[in-house]
Amino acid sequence: MTGKTHLIIGALIGGAAAAAYSPGLEDSLLFIGVSAFSALAADLDGPSMLSSKLTKLSRRIRELALWGGVIYLAITAYLYFSGQPLSPLWAGGSIAAILIGLVMKQGAIRNALVSAVGLYLIYHGAIHEQVWLIGLGAFVAWAPWLKHRGMTHTLWILPLWGWLGWGLEQELGAPGLGMTAILGYLSHLVADTLTPSGVKWLYPLIKKSFKLRL
Ligand SMILES: [Zn+2]
């Protein structure tokens, strides 16, 4: 299921929830935003719409490390052969940069960047004493390292996600926002259940993948 499909379903659910709970325009956008984000969040366990910008950035970082290292090393070699004093720090640094460019997979760099966003949310939540934001940050920092369609695609994550949404609901005083977050997230799991690889709803208790063909 593509990110775009999840996004559209999530936005529709958010629109319906806004109509049911709170018909004001500003609130509608909030409900749609929360539901759409919830509908995309499960796929933070891999390259997704939410992390696509970071995927591009991680490619840049990898290329920069590789080519920057090669250029540094070339300069170091030139200095060495022209008989000038050599800085071990520069030589070591350039070799380290080349190794990072060669060994670190783009996916690992992207995951690290997503986790950095999560850590920032945790930091922000800690400063402003927003427990739900700390929880959201923990989810964002943790999700990219999980197997795709693993823990983020289970029944167990739903109450947790609802708890995060409920925290936001309390903070903004917008009744129904927690339920909207749950419905948005649930829509992702249901939509993935309709795909050939299905969803392991009860993982890791039951490793069976549930699928529904329409
Ligand atoms: Zn998914």
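User: Starting with the helices: which way does α1 cross α8, right-handed or left-handed?

Analyst: α1 passes α8 in a right-handed crossing. Keep in mind that this is a predicted model.

User: Which residues make that contact?

Analyst: From α1, the contact uses T5, H6, I9, G10, I13, G14 and A17. From α8, it uses T180, L183, G184, S187, H188 and A191.

User: How do they divide into nonpolar, polar and charged?

Analyst: Five are nonpolar and eight are polar. None is charged.

User: And the geometry? What angle do the axes of α1 and α8 make, and within what distance do they come?

Analyst: They cross at roughly 145° and come within 9 Å. Here α1 is residues 3-21 and α8 is residues 177-193.

User: What about α1 and α2, how do their axes sit?

Analyst: The axes of α1 and α2 come within 7 Å, crossing at roughly 145°. Helix α2 covers residues 25-41. The crossing of α1 and α2 is right-handed.

User: Which residues are in that contact?

Analyst: On α1, they are G3, H6, L7, I9, G10, A11, I13, G14, G15, A17, A18 and Y21. On α2, they are D27, S28, F31, I32, G33, V34, S35, A36, S38, A39 and L40.

User: And how do those divide into nonpolar, polar and charged?

Analyst: The contact of α1 with α2 has 13 nonpolar residues, nine polar and one charged.

User: Switching topic. What is the mean pLDDT of the protein?

Analyst: The mean is 92, and 100% of the residues reach 70 or more.

User: Where is confidence lowest, and where is it highest?

Analyst: Helix α4, residues 88-103, is lowest with a mean of 84. Helix α8 is highest, at 97.

User: Which domains does the assignment give?

Analyst: Domain 1 is 1-46 + 148-214, and domain 2 is 53-105.

User: How far apart are the C-alpha centres of the two domains?

Analyst: The centres of domain 1 and domain 2 lie 43 Å apart.

User: Now some single residues. Where is P175?

Analyst: P175 sits in the loop between α7 (157-172) and α8.

User: Is P175 buried or exposed, and why?

Analyst: P175 counts as exposed because it has 11 C-beta neighbours inside 10 Å.

User: What does P175 contact, beyond its neighbours within four places in sequence?

Analyst: Y21 and E169. Also, the C-alpha atoms of P175 and S22 are 8.1 Å apart, although 153 residues separate them along the chain.

User: Next, L50. Which loop is it in?

Analyst: L50 is in the loop between α2 and α3 (52-81). It counts as partly exposed because it has 18 C-beta neighbours inside 10 Å.

User: What touches L50, leaving aside neighbours within four places in sequence?

Analyst: L40 and L44 are in contact with L50. The C-alpha atoms of L50 and L40 are separated by 7.1 Å, and these residues are 10 apart along the chain.

User: Last one, L136. Which helix holds it?

Analyst: L136 is in helix α6, residues 131-142.

User: Buried or exposed, and why?

Analyst: L136 counts as buried because 23 C-beta neighbours lie inside 10 Å.

User: Which residues does L136 touch, not counting those up to four places away in sequence?

Analyst: L136 touches L121 and L164. From L136 to A181, C-alpha to C-alpha, the separation is 12 Å in space and 45 residues in sequence.

Terms used:
Residues are numbered from 1 along each chain as its sequence is written. This is a predicted model: local features need pLDDT of at least 70, side-chain atom pairs count only at pLDDT 80 or more; totals for chains, interfaces and linings use all residues. Axes are lines fitted to C-alpha atoms, for helices over the stretch in contact, and angles run from 0 to 180 degrees between N-to-C directions. Helices (H or I, at least four residues) and strands (E, at least two) are DSSP runs, numbered from the N terminus. A crossing is left-handed if the near helix is turned anticlockwise from the far one by less than a right angle, and right-handed if clockwise. Two residues are in contact if their C-beta atoms, placed from the backbone, lie within 7 Å. Ala, Val, Leu, Ile, Met, Phe, Trp, Tyr, Cys and Pro count as nonpolar, Asp, Glu, Lys and Arg as charged, and the others, Gly among them, as polar. pLDDT is the predictor's confidence in each residue, from 0 to 100. Domain bounds come from an automatic or database domain assignment. A residue is buried if 20 or more other C-beta atoms lie within 10 Å of its own, exposed if 12 or fewer, and partly exposed in between; C-beta atoms are placed from the backbone.
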